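Please read this briefing alongside the sequence and the 3D view. The points are grouped by topic.

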Amino acid sequence: LSNRALIFEPFFQADLSLSRKYSGTGLGLAICRSLASLMGGAISAESREGAGSKFSLEIPLFVPSDSEIDVYEKADMILSTGVARRRMLMVTPFDEDFDFVCRFMNNYGIETIRSNSAEESDLLVKQSDSISMTIIDLHSRTLQGLEAAERIFRLKPSMKFAFVSDIALEPQQYETIRPFTDIILRKPFNSLVLSKLLVGLSGAC
């Protein structure tokens, strides 16, 4: 392999001599390549000794459809409504999902708190009258999370629910959820999924 290929390897430096002009750990380009890969892209280099180097980054561009643009615009309009001053409960066992949702909702002025169980959800709703929306993660085919919805509904019938799932639900499973909400979305979470969720919840309020 040439040095041009090796420069993207961790800790590699083209000049390893004691008298080298530039210091560093040799991690910068390796990190750039990893980030490019995570975005579905690639990074490359063209170099000539003594003349300089040229680095190119290529990543795919996401162009939303007209219907997706409409969802984003409706979500942005929520900033000027009362929904943007409410609290949201998220029932999920997954740290990364909660962190993503929490950061997204915070952009809209919505504080998101977390519950890991039906019992904890019950307690949080009792303690905070300002919780008006609940996201429930129906993880796995056992549809865990329904007990939390039932407890919360008994405490606060006006609660607005949204369900998310990492699987396609069967028709009978939809019927089980239907008494609580029509808002049922598929994971993984991204800005479009959460915009749809926010628009749906605001329309229900």
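Phe180 counts as buried because its relative accessibility is 18%; buried means under 20% relative accessible area, exposed over 50% and partly exposed in between, with a 1.4 Å probe and protein chains only. Phe153, at 36% relative accessibility, therefore counts as partly exposed. This is a predicted model, in which local features need pLDDT of at least 70, side-chain atom pairs count only at pLDDT 80 or more, and totals for chains, interfaces and linings use all residues. Residues are numbered from 1 along each chain as its sequence is written, and side-chain values use heavy atoms, with hydrogens and water left out.

**Aromatic rings**
- The structure holds 4 aromatic pairs; rings of Phe, Tyr and Trp (its six-membered ring) pair if their centres lie within 6.5 Å, and planes under 30 degrees apart count as stacked, over 60 as edge-to-face and the rest as tilted.
- One of the pairs is Phe153 with Phe180, edge-to-face at 5.9 Å centre to centre and 85° between the planes.
- This pair links distant parts of the chain, with Phe153 in helix α6 and Phe180 in the loop between α7 and β7 (184–186), 27 residues apart.
- Phe153, Phe161, Phe163 and Phe180 form one aromatic cluster.

**Helix α6**
- Leu146, Ala148, Ala149 and Ile152 are buried in helix α6 (residues 146–155); helices (H or I, at least four residues) and strands (E, at least two) are DSSP runs, numbered from the N terminus.
- The buried residues of α6 fall within an arc of 155° seen down its axis, so they line one face of the helix; the arc is that of the directions from the helix axis to the C-beta atoms.
- Those buried residues pack against β3 (87–91), α5 (118–127), β5 (131–137), β6 (160–165) and α7 (171–177).

**Helix α4**
- In α4, the buried residues are Asp97, Phe98, Val101, Phe104 and Met105.
- Seen down the axis of α4, they fall within an arc of 135°, so they line one face of the helix.
- Exposed residues Glu96, Arg103 and Asn106 sit on the face of α4 turned away from its buried side.

**Strands β1 and β2**
- Strands β1 (residues 42–48) and β2 (residues 52–58) run antiparallel and are joined by 7 bridges; two strands pair if DSSP finds at least two bridges between them.
- Ile43 stands opposite Leu57 in β2.
- β1 and β2 form a hairpin with 3 residues between them, and Gly50 in the turn has a positive phi of about 85°.

**Whole protein**
- The secondary structure comes to 8 helices and 7 strands.
- Of the 205 residues, 38% count as buried.

Terms used:
Contact = heavy atoms within 4.5 Å.
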